[in-house]
Amino acid sequence: MLSWPVPVSPTNLGEGLTAPAAEPASVQVTLAGPFDQLSQLANTPGAVAATVDLRDLGPGTYNLPVQIQVPAGLQLISPAAPIVSVTIYPPPTP
């Protein structure tokens, strides 16, 4: 098993809106799988991704599930479905 923090990236943010960062900004991920494949992850930035989908959301604060994508052949041990808080801000007024 291997465990490390993975940064959370927002996806599908509406045009003109901003979402500076999720809180917490990263989630601790634990994976299991073949030793060779796990050891290669340290040399493969972005191989494990943690995203939060902001599609169809307007300004406000939301508690949303994080989707974690892992390479084929590895198994996500934890967390199963972490929740992060994201604040979406409206476009700046001119």
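How do β1 and β3 pair, and over how many bridges? Select both strands and you'll see them run antiparallel, joined over six bridges. (Strands here are DSSP runs of E, at least two residues, numbered from the N terminus; two strands pair if DSSP finds at least two bridges between them.)

Before you click on, note that this is a predicted model, where local features need pLDDT of at least 70, side-chain atom pairs count only at pLDDT 80 or more, and totals for chains, interfaces and linings use all residues. Residues are numbered from 1 along each chain as its sequence is written, and side-chain values use heavy atoms, with hydrogens and water left out.

Zoom in on P5: across from P5 sits Q28 in β3. Stay on β3 and bring up β7 (residues 75-78), which pairs with β3 in the antiparallel sense over three bridges. Here T30 faces S78 of β7. Five of the seven β3 residues are buried, meaning under 20% relative accessible area with a 1.4 Å probe, protein chains only.

Click V84: its contacts (heavy atoms within 4.5 Å), skipping residues up to four places away in sequence, include V8, V27, V52 and L64.

Last stop: T51, in β4 (residues 49-53). T51 counts as buried because its relative accessibility is 14%. Among its contacts beyond four places in sequence are S9, T11 and P65.

Conventions:
Helix = DSSP H or I, 4+ residues; strand = E, 2+ residues; numbered from the N terminus. Buried < 20%, exposed > 50% of the residue type's maximum accessible area, 1.4 Å probe, protein only.
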